[in-house]
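Trainee: Please take one residue of this chain and go through its surroundings closely. Then set that residue within the chain as a whole.

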Amino acid sequence: MKINRTAQAGAIESSDVLVTVAPNPDGGIKVELETKRVIQKQFGKQIEKVILETAEKLGVEDVVIKAQDKGALDYTYRARVQAAIERALF
């Protein structure tokens, strides 16, 4: 399944994340994480894994997923990535 337009889900508020999905002209799934340096160092790989697994589970390909983190938990990431992808498909 390919993404044809840009879409967002979430917010830049405490304990949330703003996820933006857009088509990737270079191909593949690319994850861009913006968060505090401490969070990136401690949880960056886990957060990227959750985002990547959610995108793969939904069957999307050739997408850039940008996440602006404000302390969200894994289930919030899953929900925001799914909502952004579904919005990009319609």
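Mentor: Apart from neighbours within four places in sequence, V50 is in contact with D74, Y77 and R78, where contact means heavy atoms within 4.5 Å. This is a predicted model, in which local features need pLDDT of at least 70 and side-chain atom pairs count only at pLDDT 80 or more, while totals for chains, interfaces and linings use all residues. Residues are numbered from 1 along each chain as its sequence is written, and side-chain values use heavy atoms, with hydrogens and water left out.

V50 belongs to helix α1, residues 37–58. Helices (H or I, at least four residues) and strands (E, at least two) are DSSP runs, numbered from the N terminus. Y75 lies 25 residues from V50 along the chain, and the C-alpha atoms of the two are separated by 8.8 Å. V50 has a relative accessible area of 1%, so V50 is buried; buried means under 20% relative accessible area, exposed over 50%, partly exposed in between (1.4 Å probe, protein chains only).

Now the whole chain. Of its 90 residues, 36% count as buried. Of the contacts with a separation of 6 or more, 75% are between residues 24 or more positions apart. The protein chain has 2 helices and 4 strands, in the order β-β-β-α-β-α along the sequence. Its C-alpha atoms fill a box of roughly 35 × 20 × 20 Å along the principal axes.
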